[in-house]
Amino acid sequence: MLRLRSVLDTITREYRGERVLIVGHQVIVNCFRYLLERCDEQAILAIDKAADMPNCGVTSYAFNPALGWHGKLQSDLCNFVAPLEAAGTPVTAQPNMPVAPES
């Protein structure tokens, strides 16, 4: 989580006002959601448990100047797959494959 906080600090400092694309797996996307949406642990675990993220799903945020003192990022899309569906591409979600026994 410390690395993602550092990434957010860098993006805020060096790319303010720019469009930024981050590509990652479900865990990374959910960790960014945890940070950006200021979720508590129970809320993000519930989001994660509700459904697996579709492959190539888009989660995006847009800057809203009306939020907070200086504006904040606001969730814009979550698991958006309409472009895939429009192209006739099957939308898949692969469950996590265990690599070691769970304890």
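Me: Which exposed residues does the face of helix 1 turned away from its buried side carry?

Reply: In this predicted model, that face of helix 1 carries L2, R3 and R13, which are exposed. A residue counts as exposed when its relative accessible area is over 50%.

Me: Which residues of helix 1 are buried, and how are they arranged around the axis of the helix?

Reply: Buried means a relative accessible area under 20%. In helix 1 the buried residues are L4, L8 and I11. Viewed down the helix axis, these residues fall within an arc of 65°, and therefore they line one face of the helix. Helix 2 is included in what covers them.

Me: Is Q26 buried or exposed, and which residues does Q26 touch?

Reply: Q26 belongs to helix 2, which comprises residues 26-36. Q26 counts as buried because its relative accessible area is 14%, and the cut-off is under 20%. Leaving aside residues up to four places away in sequence, Q26 touches D48, A51, D52 and M53.

Me: How many salt bridges are there, and which side chains meet in them?

Reply: Side chains of opposite charge can pair when their charged atoms come close. The rule applied here asks for a side-chain nitrogen of Lys or Arg within 4 Å of a carboxyl oxygen of Asp or Glu. By this rule the count is two. In another, the side chains of E37 and R33 meet at 3.0 Å, N to O. Here E37 is partly exposed, with a relative accessible area of 28%, while R33 is buried, at 12%.

Me: Which residues form a nonpolar patch on the surface?

Reply: To join such a patch, a residue needs over 30% relative accessible area and no salt bridge. The patch is formed by V7, Y15, V20 and I22, which together have about 330 Å² of accessible area. I22 is situated in the loop between helix 1 and helix 2. With a relative accessible area of 44%, I22 is partly exposed.

Methods. Residues numbered from 1 in each chain as written. Predicted model: local features only at pLDDT ≥ 70, side-chain atom pairs only at ≥ 80, totals over all residues. Heavy atoms only, no water. Helix = DSSP H or I, 4+ residues; strand = E, 2+ residues; numbered from the N terminus. Buried < 20%, exposed > 50% of the residue type's maximum accessible area, 1.4 Å probe, protein only. Contact = heavy atoms within 4.5 Å. Arc of directions from axis to C-beta. Patch = residues over 30% accessible without salt bridge, like charges linked within 9 Å, V, L, I, M, F, W, Y side chains within 5 Å. Areas by Shrake-Rupley, 256 points an atom, 1.4 Å probe, with all protein chains shown as cover.
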